[in-house]
Amino acid sequence: MSTQYATFHLAGHLFGVEVRRVQEVLTEQPRTPAPLAPRAVAGLINLRGQVVTALDLRRRLGMPDREEGKVAMNVVVRAAEEVWSLLVDSIGGVIEAADATFEPPPDTLSGPIRELIRGAYKLDDALLLVLDVDKALEIEGAVAAA
Amino acid sequence: MDDMDEIVQEFLVESYENLDQLDSDLVALEQEPGSRELLASVFRTIHTIKGTSGFLAFSRLESVAHVGENLLARLRDGQLVMTPVTTDVLLRMVDTIRALLSSIEASHSEDGVEVAEVVAAIRAVLDGEQPVLPPAAGAGAEVPAEEPAPAAPAVEVAAPVEEAPAPAGPPADKPAAPAGEKASAVEASIRVDVELLESLVRQAGELVLARNQILQRAGALRDEDLTRACHRLNLVASEMQETVMRTRMQAIDHLWSKLPRVVRDLGNMLGRKIKLEMEGGDTELDRTLLEAVKDPLTHIVRNAVDHGIESPEVRRAAGKNEVGTLKLRAAHEGGQVVVEIRDDGKGIDPAVIGAKAVEKGLVTAAKLESLTPNDVLQFLFLPGFSTAAKVTNVSGRGVGMDVVKTNIERIGGSVDVESVVGHGTVWRLRIPLTLAIVPALTVECAGQRYAMPQVNLLELVSLDTERMSKAIEDVGGAKVYRLRGALLPLIRLEEALELKRPAEAEMPTNLVIAVLECDGRRFGLVVDRVLDTEEIVVKPLSGVLKAIGSYAGATILGDGRVSLILDVQSLARRTMRSDGIEHAAAAAAATTAATGEGQRLLVVGLGDNRRVAIPLDVVTRLEEFKTESIERVGRREVVRYRGEILPLVRLSHHLGGGSRGARSAGEVDAVPGVVYSARGRSVAIVVDEIVDIVAGQDARSDIDDAGLVGSAVIRDRVTELLDVRAAILAADPNFFTEQAQNELAEASKRLGV
């Protein structure tokens, strides 16, 4: 058995989100900042008339900010009743990962990443970290303070 | 008269529909003469028509329906059996009824339709005789007059028939809209699935957005043809939007029509005598909003009957008319619909509410002290707050005013309450006309654009930096702008949203104050620039942004960028203490003399270098009174102010000190003063000098002098805290009593004002 993941890169790591959760992938979009919002909320984008909240995954995962001038790609995902855009460094392909290679989060990971990762697939050339989308989108006061 | 027309129209529409059914039922009856079900259905239809026509005084219609009903009753009860003759007679009856309806629709009268023959024929059947039916072909007047056979030569047959129903007729929002060539009532109104309307409205909203974007782009292109096309698009889109909106509008009467019964039944049950008055029932509202308002409105009305209006004995004892009045009023007001529910009952006692709030742990007794009565009433809207001493089956079922408030706020409305003990209570619901499209003002602040609903906007004041530094008084953290003499508390959007300006950005040389009103309070929102007014479609926000509470939604502006919509109400609430400046209640003076935490004080100077502080929330306006407008009436002084006569007190006299230095009142042309208004009455307190406005201080000693409640150190100076109530009473001993009004009126008469 295997599962399909849409993959993307973030600060040198390879991440994956289940393909069925991904609505589309977009290049950099103009964002309207949302003052007073938690730090990880990167603003709002216009997705063909729909207002979508963008989440800066680097910030959400406690990684250093993207270098000045580097564009962010949008991975648009469906959550319970909302549509969100995850800001990532670059987009990878769709990977079919064999369930047998799945493991719980490796011990080497710590901090927010560990909390928001469901586990990892040992691919031949890399480790595919599976993002827990729903958990990542639960941003409340804790992250706001971060 | 219009109401009557509407009833008649509804009756016509309903009857036409029923008659169509009747035709097929009667025909089916012939096949199945014994079907009680069919007979009962036919009977009901005719019965309804008879009843309504009697009520509307259409006597011919009634007489036909009446005999028809008799016949149908016999058939239904099995006393007569359907025969083809009976069917004929009944069908003829249906034709006659239809002819009568057409006549009523066309000329509002039944004249011209003969009914005697049909009535006689039905009677004959009832009496077991052979009816004499007029030949159907000759019954021109009895056949619906919809198709006057064109007696035109054959060659012209192809010419369009004038009477043909226009397929592109305007979507009639009311059945009663016979425009020129009137389509029959059935054609003029159709039933449409609400879902269909909703999606039309949504699409119209999107169309408006797309139009905005196109207009913006086209403006830059300077292409004449494109510009013309855009103009047309603009017009059509606006009109379409308006029309589509109208399809969803319904008169608030639809809700109100149920209330007389509610009030009557409840009143009887509780032994109250109540007169229900309704005004503005034709005010229209988006139907989804109407639906959302239904329960809150009913709840408030029940509440007014249960808790507001007293029993006749109590009312008599209080010298009131034993019949209580409950008045509903609806009206359009600045793009909103305001619905008022006013009773002349016992009112709500802030003391009782306050005590209850303390008991429930909603507020500490100390904090309560510093609240105005109006603030105290707001506890009614807190979850779990119910003042009913015992739970009755009328109200106090745990569904309280908090639910009312939540429901009304959910649709972008607001609810507030005012009450005077012994005189009654007014609940006021403010409801937006529609949710889908809102006229908004777009502003810029720190490089970002924000939209805010225009409903709240009163005016815009533009200030350059130089004037700004003078006009905005920034003391102790409380910023105020003096707008034509009235104090306007200010909120800087930049601070409220914690916006950061890029380091290299220049500070604006010009600021704009948007004067907003919300919940009856005014305040100024300071922004960098006003950009435009635009119609915006409100889009929902994700939960995490909604939770911030500063945004009412988002929208997409003409250039395709997203813009946040400011929640003016919560901005005001978050940034200001709830007692605004133009917002002081009568007894406030008594309770607010003690400074509460964060309370703002107006510091005034008196002679001998004295400083006195007055709570800002009892200051309605700051004024300069011309010395010549001050006059003596008996032993008291009054001042002419805005066409009124206000009782006046000189604070320096009241507090037993001399006026400043050697200057006597005669030497100055004008003196500064504070106007305090409550319940339509005002007094003026004259001081020597207005010094400052400061945030509340807690340092307080017990030095207590006549007319003062204590003192505090404000800005390194000992400042006395004025006992406002005493000062007001010094100006007008009857300010808090009934007689005052009369006395003032008399004084006015004497002075010829």
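Predicted model: local features only at pLDDT ≥ 70, side-chain atom pairs only at ≥ 80, totals over all residues.
Strand S14, residues 510-518 of chain B, runs antiparallel to S15(B), and seven bridges join the two. S15(B) also pairs with strand S13, residues 486-492 of chain B; here the strands run parallel, and three bridges join them. Within this pairing, Leu490(B) is found opposite Gly524(B) of S15(B).

Is strand S15 of chain B, residues 521-527, mostly covered or mostly open? The strand is mostly covered, with six of its seven residues buried.

I turn now to chain A. Here six strands make up an open sheet with mixed pairing, and their order is S8-S1-S2-S11-S10-S9. At its edges lie strand S8, residues 90-98, and strand S9, residues 102-103, each of which pairs on one side only. Inside the sheet, strand S1, residues 2-10, and strand S2, residues 13-18, of chain A pair in the antiparallel sense over six bridges. One position to look at is Ala6(A), which stands opposite Val17(A) in S2(A).

Finally, the contact between the chains. On the chain A side there are 18 residues, in contact with 19 residues of chain B. Strands S4 (41-47) and S5 (50-56) of chain A each supply at least two residues of the side that touches chain B. Which strand gives the most to that side? It is S4(A), with four residues. By class, this side of chain A comprises 13 nonpolar, four polar and one charged residues.

Thank you for your attention.

Technical notes:
Residues numbered from 1 in each chain as written. Chains lettered and ligands numbered in written order. Pairing = 2+ DSSP bridges. Contact = placed C-beta atoms within 7 Å. Nonpolar A, V, L, I, M, F, W, Y, C, P; charged D, E, K, R; others polar. Buried ≥ 20, exposed ≤ 12 C-beta atoms within 10 Å, placed from the backbone.
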